[in-house]
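Hi,

Here is the structure I promised to pass on to you. Have a look at it first, and then read on for what turned up.

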There are 2 protein chains.
Amino acid sequence: VIAYFNGRFLGESDVRVSPWDRGFQFADGVYEVVRAYRGRFFRMNSHMRRLRHSLDELRIGYDDVEALPGVAERLLRENGLTEADGKFYVQVTRGVAPRSHRFPPATTSPTVFASVAPISSATESHTAKVILTEDTRWARRDIKSLMLLPNVLASQAAADAGADEALFVRQGMITEGSHTGFAAVRDGVFRTHPSGSEVLPSITREVTLELCEELGVPVREEAVAVEELSDCQELMILGTTAEVSAVVAIDGRPIAGPGPITSALQAGFSALVARELGW
Amino acid sequence: VIAYFNGRFLGESDVRVSPWDRGFQFADGVYEVVRAYRGRFFRMNSHMRRLRHSLDELRIGYDDVEALPGVAERLLRENGLTEADGKFYVQVTRGVAPRSHRFPPATTSPTVFASVAPISSATESHTAKVILTEDTRWARRDIKSLMLLPNVLASQAAADAGADEALFVRQGMITEGSHTGFAAVRDGVFRTHPSGSEVLPSITREVTLELCEELGVPVREEAVAVEELSDCQELMILGTTAEVSAVVAIDGRPIAGPGPITSALQAGFSALVARELGW
């Protein structure tokens with residue numbers, strides 16, 4: 001497997017991260033995951049815009065974001081994935097420096113690691129069993145940072161419960177999943193958490209909002225309360241790899257799904273991908 | 001510089017962390033910093049107990065904690081620091097695995113990195129200028145995890161303001177510093193945040209509580225409110241490297257210090273270290 005590391009393309013096993021990398025010691029970095037369909041990246045620009053937001057908010061001085069789409073393309077080629085469904089992972093940290101909480105000197109180069117991997121579409125049922133779990137994350141969830149330990153713990157709690165995803169609950173309201181966004185349909189209205197520091201600006205959510213407009217589904221950007229769940233007719237998780245997936249169980253209780261709006265969004269999503277990628 | 005990495009002692013520049021290490025991608029790991037005085041470690045057992053707590057809470061299956069004090073001693077020897085003031089840094093992550101939020105298979109070996117470095121005692125004035133900043137951290141602050149990005153941002157905010165440390169404020173109450181504990185004296189009573197998930201179980205705090213008992217200083221484990229600060233006669237930060245340091249400015253406003261109880265704790269701390277380490 002060929003990866004990208006600090007400007008070079010090299011065998012993945014030759015990538016050497018320093019133990020003094022601030023990504024390793026301080027979670028001081030950001031990342032993105034971009035989906036490729038048959039070798040073409042979907043909404044790469046949106047992901048790069050979000051990456052720039054994350055870098056800017058953390059004052060990580062990496063100014064080569066515009067080169068990353070080219071890196072992603074080359075990684076597909078180097079790894080024989082130009083026709084494959086896959087994903088591009090890229091991570092940028094504040095670099096290597098003697099251990100100190102404060103930022104290292106401005107001359108410190110950020111560390112950039114990127115790789116691609118195939119996704120087996122056959123394994124994706126587009127349904128998900130979920131659990132609810134307390135949202136223990138830090139305050140800046142709009143930054144796609146390496147602060148993922150609570151996401152790890154939540155995701156494992158889901159696995160322990162035989163579920164696929166954990167939905168975070170903060171003060172009685174569902175924010176989002178451990179690695180997906182969340183939306184519901186209540187009385188014909190598409191509901192999802194408003195943007196802001198409490199949730200990641202999900203690109204799949206953006207796409208579903210566009211699709212709702214196209215389909216004439218009314219939207220309300222207002223968080224769904226746990227108490228309201230039984231009044232919702234459809235629940236779904238949204239993500240770069242999950243795409244639009246119907247929630248079919250919550251804390252072990254089955255839910256009928258996918259419902260009509262979820263199904264319409266799933267079909268619309270596929271059509272939109274095909275349209276944008278030109279086939 | 002000789003470091004320790006996954007069972008081997010080797011040149012620090014030969015340490016190769018994988019980009020798929022969960023410490024690098026997910027902040028999925030824990031750490032400790034232990035102080036050495038003239039080549040002898042202070043309260044090593046307390047640090048190892050806390051490390052075990054951190055590992056247990058995260059279900060990281062590393063069962064060689066009892067070997068780490070020996071690793072620390074050998075690192076001092078290998079680096080010619082057996083007579084030096086220094087510190088031992090050790091970090092344990094959940095190991096290397098293909099990227100997935102949930103835990104990797106139980107057969108995955110944790111990654112262990114450790115190193116030692118000298119501390120120049122001459123640079124420590126035992127005074128600190130501090131700023132107040134919002135506590136944006138995740139909920140499990142009792143775990144000494146790699147979830148340090150908010151600590152990094154707070155520490156840098158302090159540096160930007162010409163200060164040495166940032167104190168976190170949560171709902172009007174001071175929790176602790178970005179890399180230190182916090183205590184105050186109000187009307188002769190030593191005040192510090194109670195233990196629990198909101199603060200790290202600080203070992204220096206433990207020591208100061210012992211010293212308060214020795215000195216006959218009454219203690220109240222109750223958080224200090226920001227509004228109360230002007231009613232406090234002494235403020236201090238506590239830490240493995242800061243030891244007991246007097247706060248001499250807060251948000252740019254000078255404070256007289258160190259006061260009598262701070263000074264007594266500083267003297268008591270030095271005496272206790274000398275007593276415990278046997279000189």
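Predicted model: local features only at pLDDT ≥ 70, side-chain atom pairs only at ≥ 80, totals over all residues.

Strand 5 (residues 86-93) and strand 6 (residues 111-118) of chain A run antiparallel to each other, with eight bridges between them. Both sit in an open sheet of six strands in chain A, ordered 2-1-6-5-3-4 and paired in the antiparallel sense. At the edges are strand 2 (8-11) and strand 4 (40-41) of chain A, each of which pairs on one side only. Helix 3 (residues 68-78) of chain A lies across strand 1 (2-5), strand 2, strand 4, strand 5 and strand 6 of that chain, and makes an angle of about 45° with strand 6.

Glu32(A) is in strand 3 (residues 29-37) of chain A, and it counts as buried because its relative accessibility is 0%. Its side chain makes a polar contact with the side chain of Arg50(A), at 2.8 Å. Beyond its neighbours within four places in sequence, Glu32(A) touches several residues, among them His47(A), Phe88(A), Tyr89(A) and Lys144(A).

After the helix comes Gly216(B), which has a positive phi near 70°. Buried residues of helix 5 of chain B include Ile203(B), Val207(B), Leu211(B) and Cys212(B). Among the elements covering the buried residues of this helix are helix 2 (44-58), strand 14 (234-239) and helix 6 (260-277) of chain B.

Finally, how do the two chains relate? Chain B is superposed on chain A by a rotation of 180° with 0.0 Å of shift along the axis, at an RMSD of 0.0 Å. This is therefore the relation of a two-fold axis. Both copies use the same surface, as 100% of the contact residues of chain B recur in chain A.

Enjoy exploring it!

Best wishes

Conventions: Residues numbered from 1 in each chain as written. Chains lettered and ligands numbered in written order. Heavy atoms only, no water. Least-squares fit on C-alpha atoms with pLDDT ≥ 70 in both. Contact = heavy atoms within 4.5 Å. Helix = DSSP H or I, 4+ residues; strand = E, 2+ residues; numbered from the N terminus. Buried < 20%, exposed > 50% of the residue type's maximum accessible area, 1.4 Å probe, protein only. Polar contact = N/O pair within 3.5 Å; in protein donor to acceptor, adjacent residues only side chain to side chain. Pairing = 2+ DSSP bridges. Axes fitted to C-alpha atoms, helices over the stretch in contact; angles between N-to-C directions.
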